[in-house]
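Reader: Can we go through this one? I'd like to start with the charged pairs and then move on to the packing.

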Amino acid sequence: MSDLRRELRLWDLVLLNVVAITGLRWWLTSAREGGYASLPLWILAFLCFFVPSGLAVIDLTTRYPQEGGIYVWTKRAFGDGHGFIAGWCLWTNNLIYFPHLLIFTVGNLIFMAGPKSAHLEHDVVFMALLSFALFWIIIWMNVRGLRYGRWLNNLGAVGTWFPAMILIGLGAWALLRYGSATPFSAAALSPVWGFGTVAFFAQICFAFSGLEVGSMMSEEIVDPRRNVPRAVLISGVIITLIYVLGTTALLVAIPQGSIGILSGVGAAIAAVQEKMGFGSLAAVSALSIALGGIGGVSAWLAGASRMPFVAGIDRYLPPVFGRLHPRHGSPYVALLVTGGVSSLLILVGFWGVSVEEAYLFLADFTIVVYFIPYLYLFAALLRLGPPQPAASEGVIAVPGGWMGNRLVGLVGFLTTAVAIAFAFQAPEGASPAAFAGKILGGCALLLFAGWLLYIKGRRAA
């Protein structure tokens, strides 16, 4: 894979992590469903999931800095078959994740257009077609290589920071001037523990996932053993502050019951802006949020396409997947196939359901599929153990030796398993059996298809 071009530097990686992980839509989910009680859940998810995943990614990236990330680490720990399934789940999850993120992005573009366009948020055909058009612009930029695609990622990260800083600042101003729009008390910080709370915690953990996306492109990173760990630490601080402070600001700005699922951040800024009596910050912020969504799609498209790319090189998928563009040096076949399959899912995903139903189902389904590779991530850390002294040069291992390795691996694995189990809870008004059955059946079908592809590829290799 020496023909890959090393385009990503430290701050490209920091911005990549921020735009890939930070979803302002998770502010809406946490503030709308959990209120102030979601704040301790953010901290718990940070300690039980985000920190272990960051330590595991740093350890395994500096140990095996090859293209493919979790695909490579799982192969090292459990063999080629498990490596293929881990990569397959990462890839297919993103095929479903793109429509989910694009719905949110288009929802904010509609909000930016003003109240006269608000009805378009419920127009399934319009939402699907605009999502489709945006997606192929992003694909085209990435086919031209990371030299161009990284600017979508970087612009998306700035688009994430801008509304975050605006809302946090306005929330602080509104708190001092008007008090909190959502009533606050010490008791409001205590989650009511039950089935629903743990299910909601699964979504909070999912919001913290994605630190492995940079390592999927390790051979396209300048000095990955040095820059990946530094990027994980810097972006980890930024992401956590955005989530905790942003959720608080959202609750301060507007009442919990008024938070919408697609455009609530822009609505919160608009509410405070109206009280202050100036400007059009809400529309500008909605545009920035949409840019953040576009950057997020670009980041995950770049990372996910490396899975079929390396599988094509290993010949578990047809070798054409391992081709690089003769001019741009990008894995263009993997990118185009990823785009084509996901485009079908964008159109099919809207068929026969409302926009909100599609959004909620895609959110829970992606949690389950995406967290399967995370089980592999922590299991690989446990299986490989601390690096041997002879092979430890340049490796930044999990602190604490054998005990630290076990603690991080077990906490991360168990948290991920709990998150998967409780992602099957149906939203209000949906049939629990039908909802769980759709997710379980879809996962079983994906895993079975992946295993058949691996068997066929192994026989052909």
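**Charged pairs and packing**

Author: E67 counts as buried, at 1% relative accessibility. This is a predicted model.

Reader: Which side chain does E67 meet in a salt bridge?

Author: The side chain of R306, at 3.7 Å, N to O. The pair links distant parts of the chain, 239 residues apart: E67 is in the loop between α3 (38–63) and α4 (70–78), and R306 is in helix α11 (residues 281–313).

Reader: Is R306 buried or exposed?

Author: R306 counts as buried, at 3% relative accessibility.

Reader: What else does R306 meet in a salt bridge?

Author: E220, at 2.7 Å, N to O. R306 lies in helix α11 and E220 in the loop between α8 (195–207) and α9 (224–253), so this pair ties together parts 86 residues apart in sequence. Both R306 and E220 are buried. Through shared partners, salt bridges join E67, E220 and R306 into one network.

Reader: How many salt bridges does the count come to?

Author: Six. One of them is between the side chains of E7 and R147, at 3.6 Å, N to O. That pair also links distant parts of the chain, 140 residues apart, with E7 in the segment before α1 (10–21) and R147 in helix α7 (residues 146–178).

Reader: And burial there? What are the relative accessible areas of E7 and R147?

Author: E7 is buried, with 15%, whereas R147 is partly exposed, with 43%.

Reader: Switching to packing. How many residues are in the largest nonpolar core?

Author: 131 residues, and those with the most contacts inside that core are W42, Y243, F371 and L377. Helix α5 (residues 80–112) gives the most to this core, with 18 residues.

Reader: Take Y243. What does Y243 touch?

Author: Leaving aside residues up to four places away in sequence, Y243 touches I21, T22, G23, W26, W27, W42, A207 and F208.

Reader: Now α14. How far apart are its end C-alpha atoms?

Author: They are 32 Å apart, which agrees with the 32 Å that the 22 residues of helix α14 (residues 401–422) should span at 1.5 Å a residue.

Reader: Which residues of α14 are buried?

Author: G404, N405, V408, G409, G412, T415, T416, A419 and I420. Seen down the axis of α14, the buried residues fall within an arc of 140 degrees, so they line one face of the helix.

Reader: Why would spaced residues end up on one side?

Author: An α-helix has 3.6 residues a turn, so residues three or four places apart point the same way.

Reader: What is exposed on the other side of α14?

Author: W402, M403, L407 and L414.

Note on methods: Residues numbered from 1 in each chain as written. Predicted model: local features only at pLDDT ≥ 70, side-chain atom pairs only at ≥ 80, totals over all residues. Heavy atoms only, no water. Core = buried A, V, L, I, M, F, W, Y, C linked by side-chain atoms within 4.5 Å. Buried < 20%, exposed > 50% of the residue type's maximum accessible area, 1.4 Å probe, protein only. Helix = DSSP H or I, 4+ residues; strand = E, 2+ residues; numbered from the N terminus. Contact = heavy atoms within 4.5 Å. Expected span 1.5 Å × (residues − 1). Arc of directions from axis to C-beta. Salt bridge = Lys/Arg side-chain N within 4 Å of Asp/Glu carboxyl O.
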